[in-house]
Amino acid sequence: MTAAYIAGVGLTPFGRHDGADTLDLMTRAAQAALDDAGLERAQIDGLVTGYSTAMPHLMLATLFAEHFGLRPSYANGLQLGGATGAAMVMLAKLLIASGQYSRVLVVAGENRLTTEGGRDQAIRTLAQVGHAFHEVPFGATIPGYYALLASQYLGRHPGTERDLAEIAVFMRRQAQAMPGAHLTAPLTVEDALASRLVAAPLRLADCCPISDGAAALVISAAPGPHGAVRIAGAGQAHRHQHVSMATDWHNFGAADAADRAFAEAGLAREDVEVLGIYDSFTITLAMLLEETGFAPRGQAGRQIAAGAHEAGGVPLNTHGGLLSYGHPGVAGGMAHLIDVTRQMQRRAGPRQMPGPGRVGYVHADGGVLSAHVGLVLATEGAAA
Amino acid sequence: MKHLETHVAQATARGEIAYQHCPACGHTQAQARPFCLACLRPDPDWRLARGTGTVVAHTMQYRAPTDDWRSRVPYGVTLVDLDEGPRVMALAEGALNPGTRAILCPGGRHALPCFKPVEDG
């Protein structure tokens, strides 16, 4: 089986990109990833895109290929909500492993913030991940679905409201050091706890912003010019779509996806030296960190507040995550993977993690902890 | 599926909850389907929930998805495990923390089922 490497990455700033549409933003990230990999368009034989809520299209991959000037022999537009970016990379890895394709461009982006209708349109569209007649009629939103999870978490682990606020504060602090982050205004725990309620118990500071932006990676059978980062393992799990159908709230599928990824990689949680975990809400990060085995149950926020992911610890969402770098849809989840890759290649500049970063783990979920994708990354120096 | 959706919608409009029950294996399911998810037997029966259950989760929505809902902000949404088994989403009135016993408000709210806490005693 051919090994798959991350040969190049491209990430635009997240935030407002007035006047830029989906294809413009995808183009910027794709060009940056090609430049990073030192490749020309003609060398790309596979293309994987996601979807764009700002530019819904039946054939986004082919549309982008035409626009950008690619003639790939394989193209696919994939949809798994927030898990899409990681799933696109997993698909690219499988395409490389098949031996039939050598260089797959993975790209997503959209102007979710500045598109016509803006936030209101996005909130309405995103709410449709709920069940059409068992959930959506009740007026729940995406923050509402995650707030349901949060209410149960806070009930089971009393006194953790402040711990969730610590997660928002930590992501903000990391974003302040990251060029291109959407939210960089100083944020204290008190600010977070005093921010307005969006869907109680979740407050504004618990929610990621809606952003414009794009991200791209080249997945290749050969390492790129910046150091070999291999996709050593990938796993998925899909146990439900709707939160009302998730009956085992200790196992939403995150652990299953992680187990499958680590099994393929032949590596263990203990080997991980850098983390990129989906954080659409503070509760998302808490529950995913805990279910994937990187924090004890009920302790994720406390662990973050105690500095477990700062100097000397295992870095986590070094770019500031969805919570502060921002969230333009599919590209949002790809930013974690891109910054973990840069950390592992030791080219994060002033933000470079001190440790070696030989093994990374990236996890994304789509829907309401519905679709899970875990990716284990390894440098040449990694144990297995 | 259309006739199943209609059946659910008719109960919902009265503020009630219709769920499916499999006469073969006894499985109950809130999400209407043409078959039993446990034993795959076709055409489960319909039952009407007694309207009591235990709260699993609760949120108060301050940001609405549509204009209709915007005028009702803030409003409660809850997940309740019905005493008959199925888990359902519904509107909520009052303090419905997880673990609270809940009962349907007669007639519903906004033509939707709505739970409130079971009165003490």
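How much area do domain 1 of chain B and domain 2 of chain B bury between them, and what share of it is on carbon and sulfur atoms? In this predicted model, the two domains bury about 860 Å² between them, with 70% of that area on carbon and sulfur atoms.

## The two domains of chain B

Chain B is divided into domain 1, covering residues 2-48, and domain 2, covering residues 52-120. The C-alpha centres of these two domains of chain B lie 20 Å apart, and 11 residues of domain 1 are in contact with 13 residues of domain 2. Of the area that domain 1 of chain B buries against domain 2 of chain B, 51% is supplied by Gly15(B), Ile17(B) and Tyr19(B), more than by any other three residues.

On the side of domain 1 of chain B that touches domain 2 of chain B, the elements giving two or more residues are α1 (2-13) and β2 (28-29) of chain B. Zero salt bridges are found across this interface, while the count of residue pairs in polar contact between the two domains of chain B, with both residues at pLDDT 80 or more, is one.

## Asp279 in chain A

Asp279(A) is found in the loop that lies between β9 (274-277) and α9 (282-291) of chain A. Asp279(A) is buried yet has no salt bridge, and the nearest side chain of opposite charge, that of Arg172(A), is 10.0 Å away.

Leaving aside residues up to four places away in sequence, the residues that Asp279(A) touches include Met171(A), Cys208(A), Thr284(A), Asn317(A) and His336(A). Also among them are Leu285(A), Gly320(A), Gly321(A), Leu322(A) and Leu323(A).

How values were computed:
Residues numbered from 1 in each chain as written. Chains lettered and ligands numbered in written order. Heavy atoms only, no water. Helix = DSSP H or I, 4+ residues; strand = E, 2+ residues; numbered from the N terminus. Buried < 20%, exposed > 50% of the residue type's maximum accessible area, 1.4 Å probe, protein only. Lys, Arg positive; Asp, Glu negative; His and termini not counted. Salt bridge = Lys/Arg side-chain N within 4 Å of Asp/Glu carboxyl O. Contact = heavy atoms within 4.5 Å. Domains from an automatic or database assignment. Buried area = accessible area lost by both parts, 1.4 Å probe. Polar contact = N/O pair within 3.5 Å; in protein donor to acceptor, adjacent residues only side chain to side chain.
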